[in-house]
Amino acid sequence: MFVKRGLIPGMVAGLLILLSACSGGGGGGGSAPSPAPSQPTTPPPSTGTPAPAPTPEPDYILDSFFPNKTFTGMRSSIHTAVEGPALERPMLDCTILVTEQTLCSFNDLPLLGMTHSDPTIDDIMARVLVSHDWMAVRFREVLQEMPPEVRLITRGITAIVISHDIRPSFYWQGTGAIYLDPSRLWLSQAEFDTIDTTPDFRADLGNVFQFTMPGRYVTPEEVDVR
């Protein structure tokens with residue numbers, strides 16, 4: 001990136017100094033020349049290098065397709081759920097940092113089912129990106145509770161992104177990834193406190209479309225009569 005810098009007038013400043021130091025000699029006579037009028041002191045020009053202009057943020061493709069969402073926090077905090085997966089860099093570049101100039105193909109980040117026909121929990125976790133470590137712990141617990149045949153649905157995605165500022169959850173075919181809101185994963189107050197509390201825009205849809213979906217929670221000892 002080229003940065004335009006102000007020109008430092010070194011030659012002009014030097015010429016002014018020379019002119020002010022020379023006195024006009026005058027004609028004959030032995031009288032001393034009149035002193036030159038005092039000149040205001042001019043500070044020397046700055047020789048420091050101007051600070052470079054900040055590098056503009058790339059045009060991330062998620063921002064273009066979802067202008068009502070904010071992914072800044074996700075991009076600054078996201079990391080892999082497990083250390084050192086082979087696809088760590090492609091996962092970040094192809095689901096979070098992807099731009100129009102760096103579009104990915106299945107050669108860069110294949111679907112999970114293209115590399116594992118019957119993925120294990122470890123295989124799935126190797127495709128998980130999180131903004132906070134506890135999210136990886138909770139998601140693994142969810143996978144452990146799932147019947148094995150239900151886990152097969154992960155074969156159709158490239159990655160699973162769980163971040164504190166995703167709301168609501170969504171899937172996007174442009175990256176082949178699913179982006180999960182962690183609001184249903186937390187188990188402690190400390191975990192809850194890391195989640196963005198921006199209301200889900202769908203919360204008011206009942207009023208907009210004039211419908212209500214009632215529900216209630218019951219304990220195993222209660223009888224659910226509906």
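1. Ser163 is buried, with a relative accessible area of 0%. The model is a predicted one, and in it Ser163 sits in the loop between strand S3 (159–162) and strand S4 (170–172). Its side chain makes a polar contact of 2.7 Å with the side chain of Asp165. Beyond its neighbours within four places in sequence, Ser163 is in contact with Met74, Ile78, Ser131, Met135, Leu180 and Pro182.

2. Leaving aside neighbours within four places in sequence, Met74 is in contact with Leu62, Ile96, Val161, Ser163, His164, Asp165 and Ile166. Met74 is also, with Val161 and Tyr179, among the residues with the most contacts inside the largest nonpolar core, which has 20 residues. Helix H2 (61–65), helix H4 (88–95), S3, S4 and strand S5 (177–180) each supply at least two residues of this core. The largest share, 3 residues, comes from H4. Apart from this core lies another, of 17 residues, including Leu112, Trp134, Phe139 and Leu180.

3. Which residues of H4 are buried? They are Met91, Leu92, Cys94 and Thr95. The cover over the buried residues of H4 includes H2, strand S2 (128–130), S3 and S5.

4. The count of salt bridges comes to 6. Arg138, Glu141 and Glu191 are linked in a network of such bridges. The side chains of Glu141 and Arg138 meet at 3.1 Å, N to O. Because these two residues are 3 apart in helix H7 (residues 133–145), about one helical turn separates them. Arg138 also forms a salt bridge with Glu191, where the closest N and O atoms are 2.7 Å apart. That pair links distant parts of the chain, with Arg138 in helix H7 and Glu191 in helix H9 (residues 189–192), 53 residues apart.

5. Glu141, at 32%, counts as partly exposed.

6. Asp181 and Arg167 form a further salt bridge, with the closest N and O atoms 3.0 Å apart. Asp181 lies in the loop between S5 and H9 and Arg167 in the loop between S3 and S4, so the pair ties together parts 14 residues apart in sequence. Asp181 counts as buried at 12% relative accessibility, whereas Arg167 is partly exposed at 23%.

7. On the surface, Val208, Phe209, Phe211 and Met213 form a nonpolar patch with about 490 Å² of accessible area together. Met213 is found in the segment after helix H10 (205–209) and is exposed, with a relative accessible area of 71%.

Notes. Residues are numbered from 1 along each chain as its sequence is written. This is a predicted model: local features need pLDDT of at least 70, side-chain atom pairs count only at pLDDT 80 or more; totals for chains, interfaces and linings use all residues. Side-chain values use heavy atoms; hydrogens and water are left out. Helices (H or I, at least four residues) and strands (E, at least two) are DSSP runs, numbered from the N terminus. Buried means under 20% relative accessible area, exposed over 50%, partly exposed in between (1.4 Å probe, protein chains only). A polar contact is a pair of N or O atoms within 3.5 Å; within protein, one must be able to donate a hydrogen and the other to accept it, and residues adjacent in sequence count only if both atoms are side-chain atoms. Contact means heavy atoms within 4.5 Å. Patches are made of residues with over 30% relative accessible area and no salt bridge: like charges are joined within 9 Å, nonpolar side chains (Val, Leu, Ile, Met, Phe, Trp, Tyr) within 5 Å. Accessible areas come from the Shrake-Rupley method with a 1.4 Å probe; for residues, only the protein chains shown count as cover. A salt bridge is a side-chain nitrogen of Lys or Arg within 4 Å of a carboxyl oxygen of Asp or Glu. A nonpolar core is a set of buried Ala, Val, Leu, Ile, Met, Phe, Trp, Tyr and Cys residues joined through side-chain atoms within 4.5 Å.
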